[in-house]
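Here are my notes on this one, point by point. Have the model open while you read.

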Amino acid sequence: MKRNNKDIFLIFGLLALACVLFAGQVYGEEEYDEEAYGPLKPIVWAKPVKGVVFLHKTHTMGAGLECDSCHNGEMFEMAAGTAEENDDFTMASLYEGKYCGSCHDGETAFSSKTRCATCHVGVKGYNRLTGVVLHDAEGGNH
Ligand code: HEC
Ligand code: HEC
Ligand code: HEC
């Protein structure tokens, strides 16, 4: 009888542990709060070049920036795809301190003159992030 009780405690103990681990897995993924940190979905631009990516998560949750450091009526609208309609959404503007360049100047954040591939994910990255399926370029293997 004593032996059995021990086994039962062990089983319940293991079940409880499994529950905690499982809950951690499930809720861990949903911890990100879009109200507090902005949309989770990456923003990807195709103009003038494909593709440049921006993540709210790393800027708000990660770097601790407030919404109005970028959504201040001057830098970025709260509407994906707005900036890429402007003719001056270029590296020259970034180097002058506009758009991303207002922080990515080598002081507030890494310089726009370095680490090109951190922002530029290319055509492949663009397709992956936007879920575009290539038919012609990849030989129609879909
Ligand atoms: C470091 C700059 C930056 C910060 C900080 C920032 N955003 Fe953004 N946000 C952007 C950029 C860039 C875009 C895309 C604008 C464009 O394409 O012209 C955007 C777009 C958006 C959009 C539109 C998304 C869509 O799919 O149309 C929403 C909503 C948004 N931001 C909310 C927030 C909120 C809420 C915060 C604060 C918690 C925040 N943003 C902080 C840069 C920022
Ligand atoms: C208000 C300031 C600010 C603006 C505007 C800003 N960033 Fe950032 N960004 C930061 C900071 C701070 C970091 C983290 C420190 C670092 O990596 O130097 C960062 C990190 C990053 C990173 C590395 C982490 C990641 O997200 O993967 C990328 C890529 C990036 N920014 C892209 C952009 C792009 C693209 C834009 C313009 C659409 C932009 N940022 C605009 C401040 C800014
Ligand atoms: C902080 C993010 C960031 C970094 C770092 C960055 N770029 Fe860009 N780049 C952008 C954004 C934003 C655009 C405009 C959106 C688009 O073209 O999709 C752009 C556009 C461009 C364009 C087309 C417009 C133009 O100016 O001719 C070229 C070419 C380019 N980048 C080259 C580079 C090279 C080369 C590097 C590295 C030396 C670099 N970029 C680093 C964000 C960045």
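1. Of the contacts in the protein between residues at least 6 apart in sequence, 38% link residues at least 24 apart; a contact here is two C-beta atoms, placed from the backbone, within 7 Å. Do keep in mind that this is a predicted model, where local features need pLDDT of at least 70, side-chain atom pairs count only at pLDDT 80 or more, and totals for chains, interfaces and linings use all residues. Residues are numbered from 1 along each chain as its sequence is written, while chains are lettered from A and ligands numbered from 1 in the order in which they are written.

2. On secondary structure, I get six helices and two strands, in the order α-α-β-β-α-α-α-α from the N terminus. These are DSSP runs numbered from the N terminus: H or I of at least four residues for helices, E of at least two for strands.

3. Buried residues account for 10% of the 142 in the protein. The cut-off for buried is 20 or more other C-beta atoms within 10 Å of the residue's own, with C-beta atoms placed from the backbone.

4. Ligand 1 has 22 residues around it, and Gly38, Cys67, Cys70, Thr82 and Ala83 come nearest; "around" means a backbone-placed C-beta atom within 6 Å. Helices H2 (34-37) and H3 (56-62) each give at least two residues to this shell, and H3 has the largest share, with three. By class, the shell splits into 13 nonpolar, eight polar and one charged. Nonpolar covers Ala, Val, Leu, Ile, Met, Phe, Trp, Tyr, Cys and Pro; charged covers Asp, Glu, Lys and Arg; the others, Gly among them, are polar.

5. Cys70 deserves a look of its own. It sits in the loop between H3 and H4, and it counts as buried because 21 other C-beta atoms lie within 10 Å. Neighbours within four places in sequence aside, Cys70 contacts Met75 and Phe76. Cys100 is 30 residues away from Cys70 in sequence, yet their C-alpha atoms are 8.8 Å apart.

6. Cys100 turns up again at ligand 2, where it is one of the closest of 19 residues, along with Thr58, Ala63, Cys103 and Ala109. Strand S2 (52-54), H3 and H5 each provide at least two residues of that shell, which has 12 nonpolar, seven polar and no charged residues.

7. Which residues come nearest to ligand 3? Out of 19 around it, they are Trp45, Thr90, Met91, Cys116 and Cys119. Helices H4 (91-95) and H5 (116-119) are the elements giving two or more residues here, with H5 contributing the largest share, three. The classes are 10 nonpolar, five polar and four charged.

How values were computed
A residue is buried if 20 or more other C-beta atoms lie within 10 Å of its own, exposed if 12 or fewer, and partly exposed in between; C-beta atoms are placed from the backbone.
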